Amino acid sequence: MIRSFNITRLVFSFFIGMMACLLSSCDNELEVRQAYPFTLETMPVQTKIVKGETAEIRCTLHREGRYDEARYTIRYFQPDGKGTLRMDDGTVFLPNDRYPLDREVFRLYYTSASTDQQTIDIYVEDNFGQVVQLTFDFNNESKDEEEEVQV
């Protein structure tokens, strides 16, 4: 009888211990992840451009996860040179103004307005403060230089 009492007591203690472990680790709040990392990838972009020429930048936004409320914006800054940047839907960007980015595959077109070296920085940001920056450098290639190289 003492032996069956000890086994019952041991099983009961084990059961209470397991319940305590299981119940103490439970959390009634459901954790929803909202901010997922993302990258912006591009196809190779030309590095030489003449005044008036347009370079195409093919972009793909890769998201590591999906959250319905995630919103993305795009903007650019041009620290060197002069030119214009536009989206494939015709939107012409003003420097440092944010524009909604509502798709993951898109094209940008940079048109040179300078004979100097040009640099543009493109920023894609989500509504959680995560930012991805890409920098593109374009060197001026005048028509005279092209002819000298081909001779």
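E125 is buried, with a relative accessible area of 18%; buried means under 20%, exposed over 50%, and partly exposed in between (1.4 Å probe, protein chains only). The model you're looking at is predicted, so local features need pLDDT of at least 70 and side-chain atom pairs count only at pLDDT 80 or more, while totals for chains, interfaces and linings use all residues. Residues are numbered from 1 along each chain as its sequence is written, and side-chain values use heavy atoms, leaving out hydrogens and water.

**Exercise 1. Which residue pairs with E125 in a salt bridge, and where do the two sit in the chain?**

Step 1: Start with the rule. A salt bridge is a side-chain nitrogen of Lys or Arg within 4 Å of a carboxyl oxygen of Asp or Glu.

Step 2: Look around E125. Its partner is R98, at 2.5 Å from N to O.

Step 3: R98 is in the loop between β5 and β6, and E125 is in strand β8 (residues 118–126), so the pair links distant parts of the chain, 27 residues apart. Strands here are DSSP runs (E, at least two residues), numbered from the N terminus.

Step 4: R98 is partly exposed at 47%, while E125 is buried at 18%.

**Exercise 2. Which residues does R103 form salt bridges with?**

Step 1: The closest N and O atoms of D88 and R103 are 2.0 Å apart, which makes a salt bridge. This pair also links distant parts of the chain: D88 is in the loop between β5 and β6 (99–101), R103 in the loop between β6 and β7, 15 residues apart.

Step 2: D88 (34%) is partly exposed, and so is R103, at 28%. D102, at 68%, is exposed.

Step 3: Look at the wider picture. Salt bridges with shared partners join E56, R58 and R107 into one network.

**Exercise 3. In what order do the four strands of the open sheet lie?**

Step 1: Find who pairs with whom, remembering that two strands pair if DSSP finds at least two bridges between them. β5 and β7 (residues 105–112) run antiparallel and are joined by five bridges. Strand β3 (residues 54–63) pairs with β7 over seven bridges, also antiparallel.

Step 2: The order is β1-β3-β7-β5, with antiparallel pairing. β1 (38–42) and β5 are the edge strands, each pairing on one side only.

Step 3: Zoom in on Y110 in β7. L85 is a bridge partner of Y110, and A55 stands opposite Y110 too.

**Exercise 4. What is the volume of the largest cavity, and which residues line it?**

Step 1: Picture the method. Rolling a probe the size of a water molecule over the atoms shows where empty space is left. On a 1 Å grid over the protein atoms alone, a cavity is a set of points where a 1.4 Å probe fits but cannot get out, and lining residues have an atom within 4 Å of a point.

Step 2: Read off the volume, which is the space filled by probe spheres set on the points. For the largest cavity that's about 40 Å³.

Step 3: List the lining: Q34, A35, Y36, G65, Y67, A70, Y72, D126 and F128.

Note on methods:
1 Å grid on protein atoms, 1.4 Å probe; cavity = no way out; pocket = protein on both sides within 12 Å on 5 of 7 lines; lining within 4 Å.
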